Amino acid sequence: MAEPRRRLLPHLASLLLKYSYIISMVCYAAGFVTVLLLPALAKSTYISENALMPGSANPVFGAREAADAIRMADEVQSLVLKHADGYIAVQEWAVKHMSALSADCYLQPFSPPEKPLSSMRFYSSPQHTGRLSQNGTMEGIPGVNIVGIVRAPQAEGNEAVVLVTPFRVEGMLSTGDRLALGFGMALFELWGNSNWLAKDVIWVLADSRYSAYTAVAAWLQEYHEPRFDLPKDWGFSDPSTQAWLYAGKKLDGETLLDFKRAGTIAAGLVLYVTSGDGGVADCIKVSAEGPNGQMPNLDLINVVNSLAVWRQGLHMRVDTFADMQESASLNYLGQFLEKIGQLAGKVRADWGFVLTASMYVEGLATLFASVKNQALGLPTGAHGAFRNYQIDAVSLEMMAGGDFGTVNEQIDLLTKFGRLIEGVMRSVNNLLEKFHQSFFLYLLSAPNKFISVGVYMIPLGLLLLTLPLGAAVLCSQSVKTAVASDSLNQTESDSTDLFSATPGKPSTEVVKAGEREPDNLVTAKTSVGSWQRAVVVVSVVQLWASLTAIFPPFVSQLVDSIMMNFSASSKAPPVMKFFTIPSLKMFMWATMAIVSLLTMVSFLPTPGKGDWIAVKALLLGVATIGLGVMSQIDFAVSLVGALVLVPMSLCACPLTNIWGKSADEHKGSKSIQFRLFLLLGTMVNIIGSPPVLLASAMYFIGDSSSWQASLSKFWEWTELLWCWGSALYPYILVVHLPCSILCIYILLS
């Protein structure tokens with residue numbers, strides 16, 4: 001009688017489970033190698049939106065406008081030095097010149113940023129929101145943004161472009177801030193006299209006494225979400241200041257404090273002027289990363305690159321790791337890829353690729369810097385505030401090749417930069433709709449090279465594929481064992497763990513009545529009770545991690561209230577002999593986390609033999625869900641996390657398997673190989689465990705001077721990630737921490 005025909009899908013599924021060990025190793029290795037090959041897969045940038053037409057018009061900004069910029073920069077500096085309050089001097093100077101152009105101008109006071117961890121709000125609250133005191137004034141010294149608006153002569157005011165120049169007065173303006181203000185005023189006057197504008201131009205002089213981001217975010221919030229509970233005079237108690245603020249009062253009752261708006265903001269440019277870092281040529285550095293890895297439309301960067309390199313002869317730079325470019329191993333890898341590209345071109349012309357070793361190393365260093373900036377979740381400039389309102393913006397840092405030098409060198413430098421900014425403004429002015437043609441999800445490997453989402457998702461997909469496959473193997477073997485146990489009374493199954501036994505066909509040898517079951521059979525069996533206990537263990541650990549993540553605000557307020565009570569009695573608490581305030585907060589947080597973990601563990605049910613198999617299956621599922629969710633919030637966090645968390649989760653197995661009977665059953669060389677593999681998996685789990693990761697973090701961000709300084713650094717980073725709503729914070733505490741604790745639980749089973 002002919003054998004029944006095998007069904008294709010079940011047969012493929014059985015093959016996947018049978019060879020899951022090999023498939024998982026190949027997928028992880030392929031994912032890791034693909035990450036290293038991303039610079040070779042990068043494409044040259046190109047402009048997708050035809051309406052931008054960069055360089056289609058001759059620039060008007062010339063040497064005369066650059067000389068005017070330097071003159072106005074010297075003017076504002078002299079006013080700052082003469083005035084008792086440098087910020088008011090800048091306000092008077094800006095309002096005077098803006099009024100001469102008949103442009104709308106006003107002052108926008110904003111509150112100081114909230115104290116870190118002063119509330120439980122994480123993603124929902126901007127960091128600059130302040131509080132009103134009982135008498136209706138703003139707590140703290142308010143910052144004051146100066147805003148001017150040039151109305152487009154041939155438009156209805158439906159759209160606008162924003163130019164931001166941050167400044168800070170510390171006795172006097174720095175050379176960079178002085179030139180930036182003069183440069184911005186020269187551009188503002190140029191656009192005020194232009195008849196080609198189709199969009200309004202808003203110039204924001206951002207008061208950066210707290211930070212440029214805080215100032216820009218405060219202005220954008222008021223622009224899009226007006227507040228009506230603000231004090232009328234914002235605490236300007238000085239009579240001369242109040243008289244100046246209301247001196248320009250118009251017939252319709254408007255004053256300098258009346259907020260004015262233009263149309264929908266199409267794009268934003270944040271300008272900085274610096275003396276560079278001793279380079280040999282003038283260049284412009286572009287910073288594009290926003291909160292949680294959000295990037296502006298690639299066309300905006302492409303326009304800047306096209307005008308800077310091809311029109312003005314400037315070098316364009318992005319963040320990179322300079323130390324990586326000196327790595328010998330990466331240079332060897334680059335030389336190998338260079339030879340591979342040449343060999344592939346000889347086999348078939350369209351297979352070859354031109355990638356020198358230096359190009360590869362530079363691309364990898366830039367790529368890793370881009371991934372690092374996106375993974376931290378912190379914006380790399382004030383442009384990040386625009387991304388909170390889905391506005392495309394970049395920060396442009398205009399860097400001189402050396403020092404600013406003579407006036408003629410400054411004029412030449414500002415002429416190049418002025419034509420560049422004018423060209424970018426003309427391109428954005430040509431847009432008939434928002435940026436949408438090019439990419440929003442990408443990584444930069446060079447100023448003119450990018451890696452799209454369709455390419456960089458490949459390594460993450462390969463890495464994540466191993467987790468559900470491992471969970472499926474564990475569940476499949478568990479079901480087979482339970483069925484065999486019910487039907488044959490006692491059944492011996494083959495290896496149940498993806499990385500703790502050699503894969504193969506399940507054994508069907510029946511255990512004779514009265515005989516003692518083999519230890520590996522007892523380990524393999526997972527009953528309903530095992531799964532129930534595993535669910536309890538995983539749930540308790542996940543609950544503990546979630547509570548640990550919300551401890552910092554409580555710890556911060558508790559320590560602050562204690563210090564306030566002691567400050568009233570003019571006595572310092574005894575514990576302050578050993579701690580600073582930040583280090584005390586970090587110590588209390590760590591203590592609360594450890595004590596709560598030990599308390600919860602004490603209430604866990606007594607584990608049975610083989611329970612770790614169910615725990616591991618749930619661990620793989622939790623890791624898959626966590627990394628998948630994080631990839632939707634911040635891809636870079638998910639990619640970096642997968643490189644560490646995937647091998648940790650897959651290699652988790654009890655330490656007793658290294659010297660127990662599970663390894664003894666493999667005879668000869670197989671037993672040695674098996675023990676070595678289990679030992680390697682254990683080492684991976686130890687390397688990825690919280691203590692080792694904390695020690696690594698202390699090496700990079702800690703302070704070697706004292707342990708108190710290191711604790712303070714950790715607390716400062718905690719405040720930073722919390723205040724910025726960084727996706728890295730929930731990943732570390734809600735995804736990686738519970739998974740690593742479960743790995744330790746499995747190791748000790």
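Select helix α9 (residues 328-347) and helix α10 (residues 357-376): their axes come within 8 Å and cross at roughly 125°. That angle makes α9 oblique to α10. Oblique covers what is left once angles under 35 degrees count as roughly parallel, over 145 as roughly antiparallel and 65 to 115 as roughly perpendicular. Axes are lines fitted to C-alpha atoms, for helices over the stretch in contact, and angles run from 0 to 180 degrees between N-to-C directions.

This is a predicted model: local features need pLDDT of at least 70, side-chain atom pairs need 80 or more, and totals for chains, interfaces and linings use all residues. Residues are numbered from 1 along each chain as its sequence is written, and side-chain values use heavy atoms, without hydrogens or water.

Stay on the helix pair. Show Leu330, Leu333 and Leu337, which are among the α9 residues that meet Ala357, Tyr360, Val361 and Leu364 in α10. Contact means heavy atoms within 4.5 Å.

Now follow α10 to the strands. α10 lies across β10 and β11, at about 145° to β10. Helices (H or I, at least four residues) and strands (E, at least two) are DSSP runs, numbered from the N terminus.

Next, select the open sheet of three strands, in the order β1-β11-β10 with antiparallel pairing. β1 (43-44) and β10 (442-446) stand at the edges with a single partner strand each, so one side of each has no neighbour in the sheet. Two strands pair if DSSP finds at least two bridges between them. β1 and β11 (residues 449-452) are joined by two bridges. Which residue in β11 is the bridge partner of Ser44? Pick Lys449.

Move to strand β2 (residues 104-110). Six of its seven residues are buried. Buried means under 20% relative accessible area, exposed over 50%, and partly exposed in between (1.4 Å probe, protein chains only). β2 pairs with β3 (residues 143-150) in the antiparallel sense over seven bridges. Click Tyr106, and find Val147 opposite in β3.

Jump to Thr548, in helix α15 (residues 528-549). Why does Thr548 count as buried? Its relative accessibility is 3%. The side chain of Thr548 reaches the backbone oxygen of Trp544 at 2.8 Å. Leaving aside neighbours within four places in sequence, Thr548 is in contact with Trp589 and Ala593.

Finally, zoom out. The protein chain has 25 helices and 11 strands. Buried residues make up 50% of its 749 residues.

How values were computed: A polar contact is a pair of N or O atoms within 3.5 Å; within protein, one must be able to donate a hydrogen and the other to accept it, and residues adjacent in sequence count only if both atoms are side-chain atoms.
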